[in-house]
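Colleague: I have not looked at this structure before. Could you take me through its features, with the general idea of each and then the case here?

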Amino acid sequence: NNSDATAAEALCAGALANATKADALAAFHAAGAPAALPHGCYFLCVIGAGLVPSILEKVPWDGKCFRTPPTATRNGSMINAFGKPGKACTPRLDFLTADYFNGESWSDPSGGGAVVIQYNGAVNWMRDELRDAGGAAGYAALHDTWLGKFYISRDEVTDFALLPVAC
């Protein structure tokens, strides 16, 4: 709905754009292990400012669509997508597919859980981790919002949020 879209856009342009790396890490750890897995499509909002976020703002994808939920015998499937809050999203980047599942977080020294997104094929060295933002201060009012970390190999590259969009 439009109020959710307005709240998501305001969060991306305001609090998330101005967050520091320490803020993002604290929020990610406060969110804790996810109780559920993401479903549907989400707009991606890079957290913070600086060189990496400014480069990622220009990359030709805007979000993620979680297409097939995981079961006890297989991982779920995810595709990167285009979309904006409150507008339809279009999955277009079939070459950037991934499996997702509950796993261990690389950034949490206590070994806490996260939704792990492991990319397939030629980009299998990329990984995302997600935690439900509902457990983190300042994000709880946003229903179905996820805080994430992006890795290349085991090096953390940047933080992001996934905000729900209608698909």
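Colleague: How many residues does the largest nonpolar core have, and which of them have the most contacts inside it?

Modeller: In soluble globular proteins, nonpolar side chains tend to be buried together. A nonpolar core is a set of buried Ala, Val, Leu, Ile, Met, Phe, Trp, Tyr and Cys residues joined through side-chain atoms within 4.5 Å. Buried means under 20% relative accessible area, exposed over 50%, and partly exposed in between, with a 1.4 Å probe and protein chains only. Here the largest such core has 18 residues, and Leu16, Phe43, Cys45, Ile47, Leu147 and Leu163 have the most contacts inside it. At least two core residues come from each of α1 (2-16), α2 (21-31), β1 (40-47) and β8 (155-165). These names follow DSSP runs, numbered from the N terminus: helices are H or I of at least four residues, strands E of at least two. Another core, of 17 residues, lies apart from the largest one and includes Phe66, Leu96, Trp146 and Phe160.

Colleague: What are the ground rules for reading these values?

Modeller: This is a predicted model, in which local features need pLDDT of at least 70, side-chain atom pairs count only at pLDDT 80 or more, and totals for chains, interfaces and linings use all residues. Residues are numbered from 1 along each chain as its sequence is written, and side-chain values use heavy atoms, leaving out hydrogens and water.

Colleague: What is the average pLDDT of the chain, and where is it below 50?

Modeller: pLDDT is the predictor's confidence in each residue, from 0 to 100. The chain averages 73, and 68% of the residues score at least 70. Residues 83-88 fall below 50, although this stretch has 17 contacts in the model beyond near neighbours in sequence; contact means heavy atoms within 4.5 Å. Where pLDDT is low, the predicted coordinates should not be read in detail.

Colleague: Which aromatic residues form one cluster?

Modeller: Rings of Phe, Tyr and Trp (its six-membered ring) pair if their centres lie within 6.5 Å; planes under 30 degrees apart count as stacked, over 60 as edge-to-face and the rest as tilted. The structure holds 3 aromatic pairs. One of them is edge-to-face, with Tyr42 and Phe66 5.8 Å apart centre to centre and 80° between the planes. Tyr42 is in strand β1 and Phe66 in strand β2 (residues 63-68), so this pair ties together parts 24 residues apart in sequence. Phe66 and Tyr100 also form an edge-to-face pair, at 4.8 Å centre to centre with 75° between the planes. Tyr42, Phe66 and Tyr100 form one aromatic cluster. Phe66 is buried because its relative accessibility is 5%, and Tyr100 is buried at 1%.

Colleague: Which residue in the hairpin of β7 and β8 takes a positive phi?

Modeller: Ser153 does, with phi near 55°, and the hairpin has 2 residues between the strands.

Conventions:
Pairing = 2+ DSSP bridges.
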